[in-house]
Amino acid sequence: MSGNAAAVVYVHGLWMPGLESALLRRRLAAERGFRLCVFHYDSVHEGMAQIATRLHALLEPIEAPQVHLLGHSLGGLVILRCLERYPMIQPGRVVFMGTPAAGSRAARRLGSWTWGRRALGRPAAEELLVERARHWDFGRELGIIAGTLSLGLARLLVTFGEANDGVVAVSETRLQGAADWMSVPVNHAGLVLSARVARETGSFLEHGRFGH
């Protein structure tokens with residue numbers, strides 16, 4: 001990928017193929033002129049180290065004034081682990097959408113059953129079943145968007161007792177070191193379908209802040 005426009009690499013979440021981001025990518029291209037591509041990975045069978053290495057291999061040759069990263073759910077943690085291992089030379093910003101950066105009660109509950117742990121797969125098990133102290137300190141501004149529409153299958157597993165998107169609690173999206181944070185009234189899957197989320201994502205990638 002090369003050209004004069006800023007590039008955005010979208011990293012999908014658990015059990016997702018990347019195609020779910022088609023509308024989001026179309027909006028970012030139309031509204032901001034970004035060049036979009038999707039990083040595909042096996043969210044069940046690949047280990048996180050292998051995934052991070054493959055993402056780095058995709059990012060390294062991109063020639064663009066800026067290379068932004070956009071992660072939905074587990075995709076945000078893929079980005080975090082990639083930057084932890086492979087600092088990027090190209091300037092750019094990062095947006096997480098519904099990423100359980102502070103852990104996931106729903107994942108821990110699901111992982112308490114053998115069949116549930118198999119369903120979660122390797123990368124989610126590595127990142128979400130053990131409490132980890134995370135801090136954003138990678139020289140790239142991070143913006144976080146959380147959903148507050150409590151509509152999702154995780155509500156069958158846990159009682160959140162706080163605002164959530166049906167899969168991830170709002171408090172679980174917080175990450176120390178982020179430049180900006182906001183919430184929108186959509187559920188977890190709706191984060192990639194919302195016109196407002198696309199608009200706010202574009203604002204942060206261009207200016208380092210959400211429009212609120």
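Start by selecting R174 and W181: the charged end of R174 sits over the ring of W181, 3.6 Å from the ring centre. Here "over" requires NZ of Lys or CZ of Arg within 6 Å of the ring centre and within 35 degrees of the ring normal.

This is a predicted model, in which local features need pLDDT of at least 70 and side-chain atom pairs count only at pLDDT 80 or more, while totals for chains, interfaces and linings use all residues. Residues are numbered from 1 along each chain as its sequence is written, and side-chain values use heavy atoms, with hydrogens and water left out.

**Aromatic pairs**

Now show the rings of Phe, Tyr and Trp (for Trp, the six-membered ring); two of them pair if their centres lie within 6.5 Å. Planes under 30 degrees apart count as stacked, over 60 as edge-to-face, and the rest as tilted. The count is five aromatic pairs. Select W113 and W115: their ring centres are 5.7 Å apart and their planes at 10°, so this pair is stacked. W113 is partly exposed, at 30% relative accessible area. Buried means under 20%, exposed over 50%, and partly exposed in between, with a 1.4 Å probe and protein chains only.

Next, pick F204 and F210. Their ring centres lie 5.2 Å apart with planes at 35°, so the pair is tilted. F204 is buried, at 0% relative accessibility. F210 is buried too, with a relative accessible area of 4%.

Then select F96, W136 and F138, which ring pairs link into a cluster.

**Helix α3**

Move to residues 74-85, helix α3. Helices are DSSP runs (H or I, at least four residues), numbered from the N terminus. How many of the twelve residues of α3 are buried? Ten are, so the helix is largely enclosed by the rest of the structure. Among them are L74, G75, L77 and R81. The end C-alpha atoms of α3 are 17 Å apart, which agrees with the 16 Å that its residues should span. That expected span is 1.5 Å times one less than the number of residues.

**The largest pocket**

Finish at L14, W15, S73, V167 and H188, which lie nearest the centre of the largest pocket among its 30 lining residues. The volume of this pocket is about 650 Å³. α4 (105-110) and α6 (122-128) are the elements that give two or more residues to the lining. The largest share, three residues, comes from α4.

A pocket is an open set of points on a 1 Å grid over the protein atoms alone, where a 1.4 Å probe fits, with protein on both sides within 12 Å along at least five of seven lines; lining residues have an atom within 4 Å of a point.

How values were computed
Grid points are joined across faces, edges and corners, and a volume is the space filled by probe spheres set on the points.
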